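Have a look at the model, then go through the notes by topic.

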Amino acid sequence: MGWSAWEVFRCTTCEQDPENCLSERLIQQTTDAMVEGGFRDAGYKIVWIDDCWQLKQRSASGALVPDPARWPHGLKAVADYVHSKGMLLGL
């Protein structure tokens, strides 16, 4: 069981609504709320980043590229944060 960003945040850009866009800050806040609210201990173990995490342009090799405006420290840093709280990150 887990929480998915898509149902609430969809693809709102951080320029449109910096307080309510899918971002590093949002995922960290959500993870903290799930842990502090007892959801992790009740079995909710995954924080899902569904869509809109990537740039529209792929890399030269064709790989998806995380949006640096949303993830200023990179997705690995976000995953490390979520894991440090005893939860999993889904992408």
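This is a predicted model: local features need pLDDT of at least 70, side-chain atom pairs count only at pLDDT 80 or more; totals for chains, interfaces and linings use all residues.

Contact, in these notes, means heavy atoms within 4.5 Å. Residues are numbered from 1 along each chain as its sequence is written, and side-chain values use heavy atoms, with hydrogens and water left out.

**Tryptophan 48**

- Tryptophan 48 sits in strand β2; strands here are DSSP runs of E with at least two residues, helices are runs of H or I with at least four, and both are numbered from the N terminus.
- With 37% relative accessibility, tryptophan 48 counts as partly exposed, on a scale where buried means under 20% relative accessible area, exposed means over 50% and partly exposed is in between (1.4 Å probe, protein chains only).
- Tryptophan 48 and serine 23 are 25 residues apart in sequence, and their C-alpha atoms are 12 Å apart in space.

**How α2 and α3 pack**

- The axes of helix α2 (residues 24-36) and helix α3 (residues 75-84) come within 10 Å and cross at roughly 5°. Those axes are lines fitted to C-alpha atoms, for helices over the stretch in contact, and the angles run from 0 to 180 degrees between N-to-C directions.
- That makes α2 and α3 roughly parallel to each other; angles under 35 degrees get that label, those over 145 are roughly antiparallel, 65 to 115 is roughly perpendicular, and the rest are oblique.
- On the α2 side the contact is made by Glu24, Ile27, Gln28, Thr31 and Asp32, and on the α3 side by Val78, Tyr81 and Val82.
- Sorted by class, this contact has 4 nonpolar, 2 polar and 2 charged residues. Ala, Val, Leu, Ile, Met, Phe, Trp, Tyr, Cys and Pro count as nonpolar, Asp, Glu, Lys and Arg as charged, and the others, Gly among them, as polar.

**The nonpolar core**

- A nonpolar core is a set of buried Ala, Val, Leu, Ile, Met, Phe, Trp, Tyr and Cys residues joined through side-chain atoms within 4.5 Å.
- The largest one has 15 residues, of which Leu22, Ile27, Ile49, Trp71 and Met87 touch the most other members.
- Both α2 and α3 supply at least two residues each to this core, and the largest share, 4 residues, comes from α2.
- Not counting residues up to four places away in sequence, methionine 87 touches Thr31, Met34, Val35, Arg40, Tyr44, Lys45, Ile46, Val47 and Val82.
- As background, nonpolar side chains tend to be buried together in soluble globular proteins.

**Salt bridges**

- Count a side-chain nitrogen of Lys or Arg within 4 Å of a carboxyl oxygen of Asp or Glu as a salt bridge, and you get 5 of them.
- Lysine 76 pairs with aspartate 80, with the closest N and O atoms 2.9 Å apart. These two are 4 residues apart in helix α3, so about one helical turn separates them.
- Lysine 76 is exposed at 60% relative accessible area, whereas aspartate 80 is partly exposed at 39%.
- Another bridge joins aspartate 67 and arginine 70, at 3.8 Å between the closest N and O atoms, and both of these residues are buried.
- Glutamate 7 and arginine 10 also meet in a salt bridge, at 3.7 Å from N to O; glutamate 7 counts as exposed with 58% relative accessibility, while arginine 10 is partly exposed at 40%.

**Loop residues worth a look**

- Most residues other than glycine have a negative phi, and most peptide bonds are trans.
- Arginine 10 isn't a glycine, yet has a positive phi of about 40°; you'll find arginine 10 in the loop between α1 (6-9) and α2.
- Cysteine 52 isn't a glycine either, and has a positive phi of about 70°. Cysteine 52 belongs to the loop between β2 and α3 and counts as buried at 9% relative accessibility.
- Proline 68 is in the loop between β2 (46-48) and α3, and counts as exposed at 52% relative accessibility.
- Proline 68 and tryptophan 6 are 62 residues apart in sequence and 19 Å apart in space, C-alpha to C-alpha.
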